[in-house]
Amino acid sequence: MDMDRIFKIGDGAHCSAILSPYGARLMQLWVPGRGSVLADIVLGHDDVQGYLDHPGTYFGAICGRYANRIAGGKFPWAGGVVQLDCNEGANHLHGGAVGFDKRVWSVLRADPQAVVFGLHSPDGEMGFPGDLQVEARYEFVGPGRLQIVMTAKAAQATVVNLVNHAYFNMAGQGSGVVDHQLLQINADRYLPVNEALLPLGEPVTVAGTLFDFRQLRHFEAAVPEGGFDHNLCLNGGAAPAAVAVDPASGRGLRLFTNQPGVQLYTGSYLPEGLPGKAGAVTGARAGFTLETQVWPDSPNHADYPSAILEAGAEYRHEMEFEFFVAD
């Protein structure tokens, strides 16, 4: 079956990745630390059956058509209201019960440096208007540089917000919680949320809050009750959107993107004892996401960055990871 195929890209002596057509998924990402010691820095499972058995984690997948949350699964559209599939209580999350993460994508290109996956999302799928053609490209574009590019073209106007849902642990998957690791995010503002994790309204300053990652800091320095599951509003510009480092191994990444937000999630809802890879188990705070994105619930907030994709236009979401070894 196509979903059982796996693809390896990169140089195994330095950085490499293992990819699956099931959810256009990043299954493994091997990165060196001090002494050139390699570790797989993304959470996941050993094979596709693991992802089928534990679908609620979204480990490594491309999520869509609209990733993150939409309040009530509805939004105004063309003089009426669109009603989406509601798969998180009364709300819509990550494309619905059968989002892009649960689809088997076509393989459009595969070579030692890159894999391109493709998907057709028909008009009305999970309630979304308009036909959509989607591609996701994973490519090593230089030494220690992994690029993920998600594109989409619409036959009719629609909304699109794709994310890559990898969970990172810079010490290596299965190494325990990430509390001791360092994170920096280039964001002066964030979106407060309600109990359903939906944004309350206007972004507010991170200054004086637990969400101030403008300087590299440990996760354990301050974690909100329930952990992080919030959109930080990126400042943009040439600086990295995020930097993450494991002080013990020196393994680090810099993330660049063209998106206006990033969802920082510390896996608070991962079940304890969840099977991982190579006999490891995972649970809360075993990894963190850096889901670059349009802000959550944007179709219901006229003052948020727009997720509307007009007919004939192209959506393009760029992420580039630059891996390094800290002193």
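Contact here means heavy atoms within 4.5 Å. In this predicted model, G144 sits in the loop between β12 (132-142) and β13 (145-154). With neighbours within four places in sequence set aside, G144 is in contact with C15, F321, E322 and F323. The C-alpha atoms of G144 and F324 lie 7.2 Å apart in space, although the two residues are 180 residues apart in sequence.

The relative accessible area of G144 is 14%. Buried means under 20% relative accessible area, so G144 counts as buried.

## Strand β27

Strand β27 covers residues 288-293, and six of its six residues are buried, so the strand is largely enclosed by the rest of the structure. Its side chains point two ways: F288, L290 and T292 to one side, and T289, E291 and Q293 to the other. Residues of both sets are buried.

Which strands are joined to β27 by bridges? One of them is β16 (residues 167-168), which runs antiparallel to β27 and is joined to it by two bridges. Within that pairing, Y167 has T289 of β27 as its bridge partner. Another is β24 (residues 261-265), also antiparallel to β27, with five bridges between them. In β27, the residue opposite G261 is Q293.

## T282 in strand β26

T282 belongs to strand β26. A relative accessible area of 4% places T282 among buried residues. Residues up to four places away in sequence are not counted in what follows: T282 touches L43, F59, P271, E272, G273, L274 and G276.

The structure holds 14 salt bridges. One of them is formed by D40 and K277, with the closest N and O atoms 2.6 Å apart. D40 lies in strand β4 (residues 38-40), while K277 lies in the loop between β25 (274-275) and β26 (281-282), so this pair ties together parts that are 237 residues apart in sequence. D40 and K277 are both buried.

R254 and E322 also meet through their side chains in a salt bridge, at 2.7 Å from N to O. Because R254 lies in strand β23 (residues 251-257) and E322 in strand β29 (residues 314-325), the pair ties together parts that are 68 residues apart in sequence. R254 has a relative accessible area of 28% and is partly exposed. E322 is partly exposed as well, at 27%. E322 is also one of the residues in contact with G144.

## Other salt bridges

R214 and D212 form a salt bridge in which the closest N and O atoms are 2.9 Å apart. Are these two residues buried or partly exposed? R214 counts as partly exposed, at 31% relative accessibility. D212 has a relative accessible area of 22% and is likewise partly exposed.

A network of salt bridges links R109, D111, R137 and E139.

Methods:
Residues numbered from 1 in each chain as written. Predicted model: local features only at pLDDT ≥ 70, side-chain atom pairs only at ≥ 80, totals over all residues. Heavy atoms only, no water. Buried < 20%, exposed > 50% of the residue type's maximum accessible area, 1.4 Å probe, protein only. Helix = DSSP H or I, 4+ residues; strand = E, 2+ residues; numbered from the N terminus. Pairing = 2+ DSSP bridges. Salt bridge = Lys/Arg side-chain N within 4 Å of Asp/Glu carboxyl O.
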